Amino acid sequence: MEVYISKILGFLLSFFFYHCQSCPHYKFVVKEVPYTRLCSTKNILTVNGQYPGPTLYVHKGDTIVVDVYNRGKYNITIHWHGVKQPRNPWTDGPAYITQCPIAPGAKFRQKIILTTEEGTLWWHAHSEWLRATVYGAMIIYPKLGISYPFTKPDAEISILLGDWWIQDIVEVVNELLLSGGEGNHSNAFTINGQPGDLYPCSKQDTFRLKVERGLTYLLRIINSAVQDMLFFSIADHNVTLVGSDASYLKPLERSFFVISPGQTFDVLLEANRSPNHYYMAAKAYTIAAKGAFDDTTTTAIVEYSGNYTPSSPPLFPYFPKYNDTHAAVNFTGSLRSLADKEHPIDVPMEINTYLFYTLSMNTVLCPNNSCSGPNGTRILASVNNISFVHPEIDILEAYYYCIPGVFGTWFPDFPPLFYNFTADNLPKNLEIPTLATEVKILEYNSTVELVFQGTNLLRGSDHPMHLHGFNFYVVGVGLGDFDNEIDPLKYNLVDPPLSNTIIVPANGWLAIRFKANNPGVWLMHCHFDRHMVWGMDAVFIVKNGESPDAKMSLPPSDMPSCHKPVPITSKVANSLGPDICPVYAEKK
């Protein structure tokens, strides 16, 4: 009887929490629609038939509700990238981490709770690689009556950078997983869904930004590409960065910058050049070898108003070399939070949880050397030598309902071995990871310093790391091995940028700090989707605090099912107390 009454009470509380009548409601219908790019037509998965998908317009502190109807043929989830979702991991979105996917024909109501976010974020699919076409912008204006901390622009435009495969994206990921190799890279990059002038059958649809001389434009730039960091530039124009990941920056003027998958930048463009046509362009930044990445360039046209004869072709911007790591690292290191009276920052100064996570590419043997990785091996990726294996029941459900055997709690704070991580030649045995589903448990309100260390195993690579449920301060970045005695002395603890996604440089390190004040289950992963499916993922469980507002909310009544029997071992729910379910008590 006690369990029955508790479940009924939980259902009623959940119903009122997720059925917010005063909240703005949106309807997302996931369905396939034919689109033509690069001289061929294919069906792609979309939201409401749009590619890119619809833009959500909200204000700081809003709560909105999105009803997601899956009318496609694949399981899908939707993630609200950069939204912290306080106490509400249930609608964060990563498949088999906080929910099971929305099955074809099913519906899921997602509540999106905004708090301190202000600027540009985005939403995207978070299952397989479906985000290649299922994504859109989220514009978060200041609260009503509050102005921007910079001169009000004359107009605002969203610039969504993406990529396009001629092949069906599900076939691309399936072939990658089957072969064990790198997989096919994209055939084009896009700006607002269009490849641009330099690709076949594309010139007529190139995106055009029409500007008037003397006016200022706020460009909300999002890198939604599946696999590539991108250099971005506009011919003969500097831009001023004023925001990143829905947090304000000290103004930073640049002729070009690098943006990783998942990142957003708000930049001001002054139309102060002679009337003409100027290319806006983006191309890959990578340390991969030529031929191993999409080496094409997407373009749009900044078109001044007036009567004149434009240059033909339009003026083209300057870019660094495709593998200019120093340019990328210097850019990341130049970002600073605005950190003024109206936009204060709160960098944790007293740290009680130190973590050191290596990010590595790995290999495992295949029978008869039958895979397409180096020497017939299968390529994997890892954090602290753990290549993450997604479970068949989502971790949040297992944690909340005490379902045993879904995950372990021994994710290491440090790598199993310290060595010269960035040496040119490393022993092959270091490439072999442990495959496991392990989580790191954090105490509520603990203060965390996490140092990411890129390694040169298999080959060095940049890693755009994204943390769900939190923003973090980027307090340091550098090349080579992290020096625990010297590098912390150079930390920026005065005005570090506040981010949710950041590039850990190839064969370098990056340090972040955050306060674990959001109870729930939260994914951290590389935002290169191939690295993520290879296992470069980690999961934090932040325990409940003591007060009611420091505990996870109840689950929605319409949570998608994993279609597996759920052996409930707890009477009701983990949110009733601050302690982790006894089944998953942290191993000492």
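This is a predicted model: local features need pLDDT of at least 70, side-chain atom pairs count only at pLDDT 80 or more; totals for chains, interfaces and linings use all residues.
Where is threonine 455 found, in terms of the strands around it? Threonine 455 sits in the loop between strand S25 (446-454) and S26.

**View 1. Threonine 455, a buried residue in a loop.** The loop here runs between strand S25 (446-454) and S26. Threonine 455 has a relative accessible area of 2%, so it is buried. Its side chain reaches the backbone nitrogen of leucine 457 at 3.4 Å. Set aside the neighbours within four places in sequence, and threonine 455 is in contact with Thr358, Leu359, Ser360, Tyr419, Phe421, Gly460 and Asn507.

**View 2. The five-stranded open sheet that includes S26.** Read across, the strand order is S24-S32-S31-S26-S29, and the pairing is mixed. Strand S24 (440-442) and strand S29 (501-504) take the edges with a single partner strand each, so one side of each has no neighbour in the sheet. From one strand to the next, the twist averages 25°. Zoom in on strand S26 (residues 463-467) and strand S31 (residues 520-526): they pair in the antiparallel sense, over three bridges. Methionine 465 stands opposite cysteine 526 in S31. Cysteine 526 is buried, with a relative accessible area of 0%.

View 3. Glycine 162 stands opposite threonine 190 in S10.

**View 4. Helix H2 and its buried side.** Which residues of H2 (residues 169-179) are buried? They are Ile169, Val170, Val172, Val173 and Leu176. These five cover an arc of only 160° around the axis, which puts them on the same side of H2. Now look at the two ends of the helix. At the start of H2, a side-chain oxygen of aspartate 168 comes to within 2.9 Å of the backbone nitrogen of valine 170. After H2 comes glycine 180, which has a positive phi, near 80°.

**View 5. The disulfide of cysteine 39 and cysteine 201.** The count of disulfides in the model comes to three, and this is one of them. The sulfur atoms of cysteine 39 and cysteine 201 are 1.9 Å apart. The torsion about their S-S bond is about 95°, so the disulfide is right-handed. Cysteine 39 lies in the loop between strand S1 (25-37) and S2, and cysteine 201 in the loop between strand S10 (188-191) and strand S11 (208-211), so the pair ties together parts that are 162 residues apart in sequence. Are these cysteines buried, exposed or something in between? Cysteine 39 counts as partly exposed at 47% relative accessibility, and cysteine 201 is partly exposed with a relative accessible area of 47%.

**View 6. The disulfide of cysteine 100 and cysteine 562.** In this link the sulfur atoms are 1.4 Å apart. Cysteine 100 lies in the loop between strand S5 (78-81) and strand S6 (107-113), while cysteine 562 is in the segment after strand S32 (537-542), so the pair ties together parts that are 462 residues apart in sequence. Cysteine 100 is buried, with a relative accessible area of 1%. Cysteine 562 also counts as buried, at 16% relative accessibility.

**View 7. The disulfide of cysteine 366 and cysteine 371.** The S to S distance in this link is 2.0 Å. With -90° about the S-S bond, the link is left-handed. Cysteine 366 counts as buried at 10% relative accessibility, and cysteine 371 is buried with a relative accessible area of 12%.

Terms used:
Residues are numbered from 1 along each chain as its sequence is written. Side-chain values use heavy atoms; hydrogens and water are left out. Buried means under 20% relative accessible area, exposed over 50%, partly exposed in between (1.4 Å probe, protein chains only). Helices (H or I, at least four residues) and strands (E, at least two) are DSSP runs, numbered from the N terminus. The arc is that of the directions from the helix axis to the C-beta atoms. A polar contact is a pair of N or O atoms within 3.5 Å; within protein, one must be able to donate a hydrogen and the other to accept it, and residues adjacent in sequence count only if both atoms are side-chain atoms. A disulfide is a pair of cysteine sulfur atoms within 2.5 Å. Two strands pair if DSSP finds at least two bridges between them. Axes are lines fitted to C-alpha atoms, for helices over the stretch in contact, and angles run from 0 to 180 degrees between N-to-C directions. Contact means heavy atoms within 4.5 Å.
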